[in-house]
Amino acid sequence: MKTIFDIRQKIALVTGSSQGIGLTLAKGLAENGAITILNGRQADKLTQAADRIQIQGYQIHTSAFDVSDDNQVSAAVQTIEDKIGPIDILVNNAGINIRNPLEAYDNTDWDQLMNTNLKGAYLVSKHVAQYMIMRKRGKIINICSMQSELGRKTITPYAASKGGLKMLTKGMAVEWGQYHIQVNGIGPGYFRTDMTKPLWTNPDFDTWLRNRTPAHRWGEPEELTGPLIFLASSASDYVNGHILYVDGGLLASI
Ligand SMILES: NC(=O)c1ccc[n+]([C@@H]2O[C@H](COP(=O)([O-])OP(=O)(O)OC[C@H]3O[C@@H](n4cnc5c(N)ncnc54)[C@H](OP(=O)(O)O)[C@@H]3O)[C@@H](O)[C@H]2O)c1
């Protein structure tokens, strides 16, 4: 039965989906009937990830490219459009974090982080939007963070990149809304992945987070799927430039 949340047979590209939140988001899209393309920098790792979530009936493809490399992004988007079909849904999820006090931050690390988290989302969106603009439809969802709103010691460059991604989301919504393209963000709270391992293995941080979050717990990556389906489906056709925080209430409390 068709509902307003229907994404069956839509083609969805999820960047940075060889593991972690991206892989869970990709699985959620595939579970709901989307033709889903996994991305990361390593082809072998992507094949293994696809094998792990390949359940009978799921339509999964892989496309290895580095989101920060314009030539790779351009070639990959064109190949997907030619060989798989029109990209209806783009999830800009690829991201890294490199922790260090700002006064000791390595400039090469700054460049790598910005190129992945901010320039990567710009590049992939720009190439995919060329096609979405021609078709006058599309959904782009940028994976933001609590650090789109809040600073925290040792991750200032990450916060700068995620704050930038929030404004990139609003800017793209303003520029491309006229083509019936909706660009929104999801801001996850704290989820246990490789990226946050230094946090969830630290008992002091674990206690602080549970006390700080009204839900008194970490998020489960599957809890991001519902918000994603909403933003990827026609249920959100008049929602544009919005960041939906999925954080157990963390941002609402002091
Ligand atoms: N975990 C959390 O609590 C949390 C909270 C808020 C926001 N987020 C955001 O959610 C996203 C996913 O985080 P995660 O925790 O799932 O991290 P993760 O487990 O470290 O996964 C990161 C993914 O990004 C890919 N990636 C990194 N650089 C890439 C590049 N240049 N090109 C293509 N793919 C690249 C990695 O694949 P390869 O290494 O195979 O290339 C991997 O699949 C990030 O944007 C992160 O900032 C996470």
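**View 1. Helix 1 and helix 8 cross in a right-handed way.** A crossing counts as right-handed if the near helix is turned clockwise from the far one by less than a right angle, and as left-handed if anticlockwise. This is a predicted model, in which local features need pLDDT of at least 70, side-chain atom pairs count only at pLDDT 80 or more, and totals for chains, interfaces and linings use all residues. Residue numbers start from 1 along each chain as its sequence is written. Helices here are DSSP runs (H or I, at least four residues), as are strands (E, at least two), numbered from the N terminus. The axes of helix 1 and helix 8 (residues 225-232) sit 10 Å apart, at an angle of about 60°. That makes helix 1 oblique to helix 8. Axes are lines fitted to C-alpha atoms, for helices over the stretch in contact, with angles from 0 to 180 degrees between N-to-C directions. Under 35 degrees is roughly parallel, over 145 roughly antiparallel, 65 to 115 roughly perpendicular, and the rest oblique.

**View 2. Here is who meets whom between helix 1 and helix 8.** L25, G28 and L29 in helix 1 meet T225, L228, I229 and A232 in helix 8 (contact: C-beta atoms, placed from the backbone, within 7 Å). By class, that contact has 5 nonpolar, 2 polar and no charged residues. Ala, Val, Leu, Ile, Met, Phe, Trp, Tyr, Cys and Pro count as nonpolar, Asp, Glu, Lys and Arg as charged, and the others, Gly among them, as polar.

**View 3. Helix 4 (residues 107-135) runs past helix 5 (residues 156-176).** Their axes come within 9 Å and cross at roughly 15°. That makes helix 4 roughly parallel to helix 5. The crossing is right-handed here too. Residues of helix 4 in the contact include W110, Y122 and I133, while those of helix 5 include P157, K162 and W176. By class, the contact of helix 4 with helix 5 has 14 nonpolar, 4 polar and 1 charged residues.

Terms used:
Contact = placed C-beta atoms within 7 Å.
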